[in-house]
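Thanks, everyone. I'll keep this brief. Please have a look at the model first, and then I'll walk you through some local features.

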Amino acid sequence: MVLIPSQKQIYFKMKEQYKVFLKTTHTTWEVSNHGNIKKNGNPYVAYESGGHKGDKYPSLSINKPHSGYIHRIVASEFIDNPENKRTVNHKDGNKSNNHIDNLEWATYSENNKHAWETGLRKSNPLVSLKKKQAYDLRLAGKSYKEIGDILEVSRQHACVLVRRYKNNK
């Protein structure tokens, strides 16, 4: 889902509010409902880390219990999670958009489903090719161990590749 300009403007109509999420003897850290961070009252620029295939999340490194991704800090401070879901989904798929209107708590399954439905995640053609190769080798009488050796995967993974290809034919 891509935001059209009128949708982006909605984010900035909401008044920005800050909450303290960590206070030490020398430092006060705040996060806003717009996804911004302040350190001792001054804007703080987060670094980017993690993600898949070059996509990075704005991150923060303070100390072990408070380090992490900005979207998780925003969600923890501003979005209720009565079902104790473990991941935070970016509704528009933009990992830099940490506004609370763009975030929602999700299960791993819901997050993956969203990624497939919005085109954020696509199947890897090499995996499809490997499945077909495994299936063809099995039809040719090769054992799962032999298939695994040829495709450089474990015997168990060779079995999974064959089964997945057969089920999706």
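Let me start with a rule: a salt bridge here is a side-chain nitrogen of Lys or Arg within 4 Å of a carboxyl oxygen of Asp or Glu. A word on the source: this is a predicted model, where local features need pLDDT of at least 70, side-chain atom pairs count only at pLDDT 80 or more, and totals for chains, interfaces and linings use all residues. Residues are numbered from 1 along each chain as its sequence is written, and side-chain values use heavy atoms, with hydrogens and water left out.

So, salt bridges. How many does the rule give? The count is five. In general, side chains of opposite charge can pair when their charged atoms come close.

Take K145 first. K145 pairs with D149, and their closest N and O atoms are 3.2 Å apart. The two residues are four apart in helix 5, so about one helical turn separates them. When I say helix, I mean a DSSP run of H or I with at least four residues; a strand is a run of E with at least two, and both are numbered from the N terminus.

Now K85. The side chain of K85 meets that of E83 in a salt bridge, 3.8 Å from N to O. K85 also bridges to E110, at 3.1 Å from N to O.

K85 is at 17%, so K85 counts as buried. E83 is exposed at 62%. E110 is partly exposed at 35%. Through shared partners, salt bridges join E83, K85 and E110 into one network.

Next, backbone angles. Most residues other than glycine have a negative phi, and most peptide bonds are trans. N84 sits in the loop between helix 2 (70-78) and strand 8 (87-90). With 62% relative accessibility, N84 is exposed. E152 has a positive phi too, about 60°, and is not a glycine either. You'll find E152 in the loop between helix 5 (144-151) and helix 6. E152 is exposed as well, at 73%.

Which residues form the positive patch? They are R138, R163, R164 and K166. Patch residues have over 30% relative accessible area and no salt bridge; like charges are joined within 9 Å, and nonpolar side chains (Val, Leu, Ile, Met, Phe, Trp, Tyr) within 5 Å. The areas come from the Shrake-Rupley method with a 1.4 Å probe, and for residues only the protein chains shown count as cover. Lys and Arg count as positive, Asp and Glu as negative; His and the chain ends are not counted. The place of a charge is NZ of Lys, CZ of Arg, CG of Asp or CD of Glu. Helix 6, residues 155-167, gives the largest share of the patch, three residues. R164 is in helix 6. At 47% relative accessibility, R164 is partly exposed.

Now the buried side. S32 lies in strand 2, residues 28-32. S32 is buried, at 0%. A polar atom of the S32 side chain lies 3.1 Å from the backbone nitrogen of H34. V74 belongs to helix 2. V74 is buried, also with a relative accessible area of 0%.

V31 is buried at 0%. From V31 to E16, the C-alpha separation is 9.9 Å, and the two are 15 residues apart in sequence.

Last one: N102. N102 is in the loop between strand 8 and strand 9 (103-106). Buried or exposed? N102 counts as buried, at 0% relative accessibility. The C-alpha atoms of N102 and D92 are 6.5 Å apart, and the residues are 10 apart along the chain.

That's my tour. Over to you.

Conventions. Buried < 20%, exposed > 50% of the residue type's maximum accessible area, 1.4 Å probe, protein only. Polar contact = N/O pair within 3.5 Å; in protein donor to acceptor, adjacent residues only side chain to side chain.
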